[in-house]
Amino acid sequence: MLPLFLVIVLTIVELGTLLNTYQILQNAAREGARISSLPKNNIDSSNPDASPTTIQDAVVDYCTDRGLAVTAGDVSVDQEQFVTVGARQMGVSVVTVSYSVDLITPGGTTLAGGPVTVTGVGVFRNLY
């Protein structure tokens, strides 16, 4: 009974870890999309002070404060997406952040043979 009990407990712990990581990444991406949607962060030729680095740094800081070691290379920023609402098209900012989670099973791998990549995506209407 003990091995079965340990497998069940280990599974619950790993699923909790993955869910927590997913929630942090979703919130970080949402925060990055919110920051990206502000007029001062519009990355175009008329706004030379804006750069994707500002947005990426905000996402990295959010994750770091919550214990995830995300780098700027794990964060992508796209301000040129559009969604259709009714008869209107609106510009949106899409921020995506990915993070690789090493599991606590032997070798830190899944049954498929590798760590799990968790991705958060945030979308926010551009205010410019």
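In this predicted model, the count of aromatic pairs comes to 0, where a pair requires ring centres within 6.5 Å. An aromatic ring does take part in another kind of arrangement: the charged end of Arg66 sits over the ring of Tyr62, at 3.6 Å from the ring centre.

Charge pairing was examined next. Side chains of opposite charge can pair when their charged atoms come close. Across the whole structure, 1 salt bridge is found. Arg34 and Glu31 form a salt bridge, with 2.8 Å between the closest N and O atoms. Because these two residues are 3 residues apart in helix α1, about one helical turn separates Arg34 from Glu31. Arg34 has a relative accessibility of 34% and therefore counts as partly exposed. Glu31 is likewise partly exposed, since its relative accessible area is 27%.

Helix α1, which spans residues 2-36, also holds Val9. With a relative accessibility of 34%, Val9 is classed as partly exposed. Val9 belongs to a nonpolar surface patch of about 580 Å², together with Leu2, Phe5, Leu6, Val13 and Ile104.

Gln26 is a further residue of helix α1. Its relative accessibility is 16%, so Gln26 counts as buried, the limit being under 20%. The side chain of Gln26 makes a polar contact with the backbone nitrogen of Val121, at a distance of 2.8 Å.

Definitions and conventions:
Residues numbered from 1 in each chain as written. Predicted model: local features only at pLDDT ≥ 70, side-chain atom pairs only at ≥ 80, totals over all residues. Heavy atoms only, no water. Phe/Tyr/Trp six-rings, centres within 6.5 Å; stacked < 30°, edge-to-face > 60°. Lys NZ or Arg CZ within 6 Å of the ring centre and 35° of its normal. Patch = residues over 30% accessible without salt bridge, like charges linked within 9 Å, V, L, I, M, F, W, Y side chains within 5 Å. Areas by Shrake-Rupley, 256 points an atom, 1.4 Å probe, with all protein chains shown as cover. Salt bridge = Lys/Arg side-chain N within 4 Å of Asp/Glu carboxyl O. Helix = DSSP H or I, 4+ residues; strand = E, 2+ residues; numbered from the N terminus. Buried < 20%, exposed > 50% of the residue type's maximum accessible area, 1.4 Å probe, protein only. Polar contact = N/O pair within 3.5 Å; in protein donor to acceptor, adjacent residues only side chain to side chain.
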